[in-house]
Each structure stands twice: as structure tokens, then as C-alpha cells.
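Subject: Structure handover

Hi,

Here is the structure I promised to pass on. Please open it first, then read the notes below.

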Amino acid sequence: MATETTLGPNSLSDAKLAKRKRRMHNELLAGAFLAPYFTFFLIFSILPIFYGLYVSFHDWTLAGKGEFVGLDNYIYAFKDADFWASLLHSAYFVVYSTPFLILVPFCLALILDAKLKGRTFLRTVYFMPQVLSVAVVSYIWVFILQPYTGLMNTVLHKIGVLAEGTEWFWLNDANLAWVSIVMITLWWTQGFNMIVLLAGLQDIPPEHYEAATLDGANGWQRLKYITLPAMRGIIALIMILQVIASFKVFGQVWLVTRGGPGNETRTMIQYIYETGFSANELGLSTAMSFIFFVFLIILSLLQAKFFSPKKD
């Protein structure tokens with residue numbers, strides 16, 4: 001005759017205790033794996049922020065700590081015309097570059113999402129500039145854009161855009177310098193946005209397109225009524241990240257134009273760098289950095305609020 005086995009109170013208590021021990025063991029194990037990252041994050045990210053805030057309240061130089069000046073560095077920065085001019089130049093770059101850095105990667109992502117032969121090869125070609133360093137990219141484009149012997153002017157001569165004996169000085173004219181920086185940045189960085197957008201396109205269920213095609217929708221209608229609404233969140237995210245990244249532009253500008261001609265392309269990061277390491281005003285440059293940091297936070301919050309889904 002079979003006998004039923006029932007769990008008594010002690011057995012249930014032991015099972016709960018064993019389950020609690022396993023969970024505690026897993027949490028301790030996860031904490032052990034995460035501890036090195038958090039340690040480095042604390043030492044090299046969090047603590048420098050508070051130390052930089054401390055520096056910004058002092059007359060600090062490369063020689064070391066100076067006297068406490070309170071808010072003088074912040075007041076000076078707000079009154080500095082070059083500070084605002086550099087911020088305006090950064091804003092110019094954001095306005096000029098952001099539309100291209102979203103539209104071009106989106107078009108490339110649409111091409112890669114189509115059922116074309118050689119998609120893997122095209123994906124590699126489009127993304128390849130992303131892996132290059134800013135120094136390599138800048139050197140290549142300085143060679144391309146130089147007058148008389150540069151590839152860009154040579155091609156423009158060949159196709160008849162430039163008349164014989166005329167040259168465009170891409171890096172010595174203020175307007176052309178901005179065009180050059182935007183071209184360089186677009187060629188160099190569009191790969192990341194393209195991959196993110198491509199991932200978003202591939203998440204759209206193909207059944208939606210099939211149903212729309214059966215209903216007689218053409219390519220433009222499928223793009224307008226299916227693709228763009230489905231990609232709204234990803235496009236908004238990329239726009240927020242791209243605006244922040246564009247405001248922080250420095251490397252290609254510094255290596256290609258040095259902020260010239262004159263100071264027409266000197267951006268905020270370059271001015272902060274020059275203030276700290278050329279003018280030897282580390283306290284002032286740190287104060288400028290925190291002002292710029294707060295500006296980017298406010299801008300990001302405004303963008304997030306603007307692009308957030310509207311509630312009925």
C-alpha cells in the first residue's frame with residue numbers, strides 16, 4: 001500500500017532557507033564580478049567630477065593649487081565673449097551636421113535592409129571609417145581637401161565645377177571650413193548610427209509590409225506609414241545622442257583647422273582646452289566645463305521631453 005509523503009513545517013522552512021542561500025550566493029557572485037567595474041568607475045569617473053568641482057572654485061594652474069576664489073571663475077566665464085562665441089560655433093556644427101548624421105545613415109540602413117546581393121560587403125564598407133582614429137581620419141581629409149593637389153579640387157576640376165586656374169580653399173574659408181568639418185564627421189561617424197537604425201529596421205515585423213503591399217501600398221507609403229512610425233523611438237534616441245556628441249566635437253576640428261580661419265571654427269571643447277593648457281587657467285577651464293555640462297544636461301532633458309510619446 002502506497003504512503004503519501006507530506007512536507008512538514010521544518011521541510012518547508014529548510015527549502016526556503018536553501019532558496020534564500022542560493023539567491024544570496026548569486027547576488028554575492030554578481031557583486032564580485034561587478035566590483036572591479038564599479039571601483040574603476042568610482043575612481044576614474046565619479047571622484048574626478050567632485051575633484052573638478054573643487055578645482056573650479058580655485059585659481060588653479062598647471063603649477064598647482066592657488067587661492068580660493070569662490071564663484072569668480074564662473075562669473076568670468078559668463079562674461080567672456082569668447083566663451084559664448086565658442087558655444088555658438090559648437091551650435092553651428094550641431095545645426096549643420098545633425099540632419100546629415102541622421103538622414104544619411106537612415107538611407108544607408110534602408111539600403112542594407114533591402115534584399116540586395118552583397119549586403120555584408122556594403123555593411124563593412126559603410127562602417128569601416130568608424131574604426132579609424134580621429135588622427136588618421138583628419139590626416140586623410142587634410143590631404144583630400146588641400147588646394148591644387150588635393151583629390152576634392154581635382155575631381156571638381158574634372159567634372160567642370162571649378163574653372164581652370166581657380167581653387168577652393170576648403171580649410172581657409174570660414175564657410176567652406178564648416179562644410180569640410182561636417183563632411184569629415186559624416187564620413188567618419190555615420191557607421192554607428194547606421195548600425196543602430198538597421199537594427200531598428202530589422203525589428204519591424206515583415207508581416208506589416210506584406211499586408212500593406214497586398215493592400216496596394218507603394219514604397220513611399222510603406223515608408224511613411226509603417227517604417228517611420230515604428231522607428232520614431234530609435235530616431236529620437238539617436239538625435240539626442242547625436243546632438244550631445246556634436247556639441248562635444250573637438251578632435252577633427254583641432255587637427256584639421258585648429259579652430260581657424262581665425263577663430264571661426266573654434267568650438268567649446270577647444271576653447272576649454274586652450275584656456276586650461278595654453279592660458280594655464282585650469283580653474284577657469286574647469287568652471288567652463290561644468291557650465292557646459294549643465295547646459296548639455298538641460299538640453300538633453302528638453303529633447304527627451306520633446307520627443308517623448310504624447311499621452312492622450
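**Salt bridges**

There are two salt bridges, counting a side-chain nitrogen of Lys or Arg within 4 Å of a carboxyl oxygen of Asp or Glu. Before the details, a word on the source. This is a predicted model, so local features need pLDDT of at least 70 and side-chain atom pairs count only at pLDDT 80 or more, while totals for chains, interfaces and linings use all residues. Residues are numbered from 1 along each chain as its sequence is written, and side-chain values use heavy atoms, with hydrogens and water left out.

Side chains of opposite charge can pair when their charged atoms come close. Helices are DSSP runs (H or I, at least four residues), numbered from the N terminus.

R266 also forms a salt bridge with E274, where the closest N and O atoms are 3.3 Å apart. Shared partners join D82, R266 and E274 into one network. D82 is partly exposed, at 38% relative accessible area. The cut-offs are under 20% relative accessible area for buried, over 50% for exposed, and partly exposed in between (1.4 Å probe, protein chains only).

**Nonpolar cores**

A nonpolar core is a set of buried Ala, Val, Leu, Ile, Met, Phe, Trp, Tyr and Cys residues joined through side-chain atoms within 4.5 Å. The largest one has 18 residues. F106, A109, M194, L197, L201 and M231 have the most contacts inside it. α3, α7, α9 and α10 (232–247) each supply at least two residues of this core. α3 gives the most, with five residues.

Take L197. Leaving aside residues up to four places away in sequence, L197 touches I102, P105, F106, A109, M231, I234, I235 and I238. Contact means heavy atoms within 4.5 Å. Another core, of 17 residues, lies apart from the largest one. Among its residues are A77, F83, F247 and L296.

**Largest pocket**

How much space lies in the largest pocket? About 500 Å³. A pocket is an open set of points on a 1 Å grid over the protein atoms alone, where a 1.4 Å probe fits, with protein on both sides within 12 Å along at least five of seven lines. The volume is the space filled by probe spheres set on the points, which are joined across faces, edges and corners.

The lining has 15 residues, and L110, D113, A114, Y209 and R222 lie nearest the centre. Lining residues have an atom within 4 Å of a point. α3 (81–113), α7 (174–202), α8 (206–214) and α9 (219–230) each give two or more residues to the lining. α9 gives the most, with four residues.

**Backbone points to check**

The peptide bond from G260 to P261 is cis, with omega near 0°. P261 lies in the loop between α11 and α12. R258 is found in that loop too. R258 is not a glycine, yet has a positive phi of about 55°. Y148, in the loop between α5 (134–145) and α6 (151–158), also has a positive phi, near 70°. Y148 is exposed, at 59% relative accessibility.
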